[in-house]
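Here's a quick briefing to read with the model open beside you. Start with the picture, then work through the notes topic by topic.

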Amino acid sequence: MKRTASASWSGGLKDGKGSISTQSGILDNTRYGFASRFEEGPGTNPEELIAAAHAGCFTMALSAQLGEAGITAENLTTKAAVTLDKVEGGFAITAVHLELVARIPGGDQKAFEEAANKAKAGCPVSKVLNATITLDAKLET
């Protein structure tokens with residue numbers, strides 16, 4: 001399976017404009033630029049997209065891990081915070097922090113934590129990132 005996306009950029013770094021599109025069409029010439037990446041300007045940015053990808057990937061992986069343990073969640077909600085730091089030679093994504101709230105009536109804390117940690121380590125986005133990945137997982141029963 002392969003998925004594709006494309007980006008286009010015109011102009012210089014600070015005054016230029018870009019757009020991002022995805023194969024599915026969910027993003028279709030969605031704008032991004034210096035202000036949306038390093039300031040608070042309108043548009044998206046690569047780090048926000050990685051955060052969305054990681055939150056989605058982890059949450060699906062957790063659902064699978066819970067299923068293998070015979071558990072079905074009523075709801076799983078994950079927030080991913082990507083940290084972009086200036087490092088020697090430029091910028092790097094140095095960390096991703098996942099915040100999970102899981103609603104599993106009658107859920108077992110130990111089984112939940114085991115599934116969450118397996119999902120954190122095993123989701124494909126976690127595997128591709130060269131960053132420290134942390135997780136706060138809260139179980140609501």
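When these notes say that two residues touch or are in contact, they mean heavy atoms within 4.5 Å. With that in hand, take Ala102: leaving out residues up to four places away in sequence, Ala102 touches Asn75, Leu76, Phe112, Lys138, Leu139 and Glu140. Keep in mind that this is a predicted model.

**The overall picture**

- The protein chain has 4 helices and 6 strands, and reading along the sequence gives the pattern β-β-β-α-α-β-β-α-α-β.
- Of the 141 residues in the chain, 31% are buried.
- The accessible surface comes to about 8900 Å², and carbon and sulfur atoms account for 51% of that.
- Take the contacts with a separation of 6 or more: 50% of them are between residues 24 or more positions apart.

- Strand 1 (residues 5-10) pairs with strand 2 in the antiparallel sense, over 6 bridges.
- Within that pairing, Trp9 stands opposite Gly18 in strand 2.
- The two strands form a hairpin with 6 residues between them, and Gly11 in the turn has a positive phi of about 100°.
- Asn29 sits in the loop between strand 2 (17-22) and strand 3 (30-32).
- Asn29 also has a positive phi, near 55°, and it isn't a glycine.
- That's worth a glance because most residues other than glycine have a negative phi.
- Is Asn29 buried or exposed? Asn29 counts as exposed, at 52% relative accessibility.

**The largest nonpolar core**

- This core has 25 residues, and the members that touch the most other members are Phe58, Leu62, Leu66, Leu98, Leu100, Ala102 and Ile104.
- Which elements give two or more residues to it? They are helix 2 (46-68), strand 4, strand 5 (90-103), helix 3 (109-122) and strand 6 (132-140).
- Helix 2 gives the most, with 7 residues.

**Ala116, on helix 3**

- Ala116 is found in helix 3 and is buried, with a relative accessible area of 1%.
- Not counting residues up to four places away in sequence, Ala116 touches Phe58, Leu62, Leu100, Leu135 and Ala137.
- Phe58, Leu62 and Leu100 are also among the core members that touch the most others.
- Ala116 and Met60 are 56 residues apart in sequence, and their C-alpha atoms are 11 Å apart in space.

**Thr78, on strand 4**

- Thr78 lies in strand 4 (residues 75-87) and is buried, at 15% relative accessible area.
- Which side chain does Thr78 meet through a polar contact? The partner is Thr59, at 2.7 Å.
- Beyond its neighbours within four places in sequence, Thr78 is in contact with Ala55, Phe58, Thr59, Leu98, Glu99 and Leu100.

**His54, on helix 2**

- His54 lies in helix 2 and counts as buried, at 0% relative accessibility.
- Setting aside neighbours within four places in sequence, His54 is in contact with Val96, Leu98, Cys123, Val125, Ser126, Leu129 and Ile133.
- Leu98 shows up in the contacts of Thr78 as well.

**The cysteines**

- How many disulfides does the structure hold? The count is 0.
- A disulfide is a covalent bond between the sulfur atoms of two cysteines.

Key
Residues are numbered from 1 along each chain as its sequence is written. This is a predicted model: local features need pLDDT of at least 70, side-chain atom pairs count only at pLDDT 80 or more; totals for chains, interfaces and linings use all residues. Side-chain values use heavy atoms; hydrogens and water are left out. Buried means under 20% relative accessible area, exposed over 50%, partly exposed in between (1.4 Å probe, protein chains only). A polar contact is a pair of N or O atoms within 3.5 Å; within protein, one must be able to donate a hydrogen and the other to accept it, and residues adjacent in sequence count only if both atoms are side-chain atoms. A nonpolar core is a set of buried Ala, Val, Leu, Ile, Met, Phe, Trp, Tyr and Cys residues joined through side-chain atoms within 4.5 Å. A disulfide is a pair of cysteine sulfur atoms within 2.5 Å. Accessible areas come from the Shrake-Rupley method with a 1.4 Å probe; for residues, only the protein chains shown count as cover. Two strands pair if DSSP finds at least two bridges between them.
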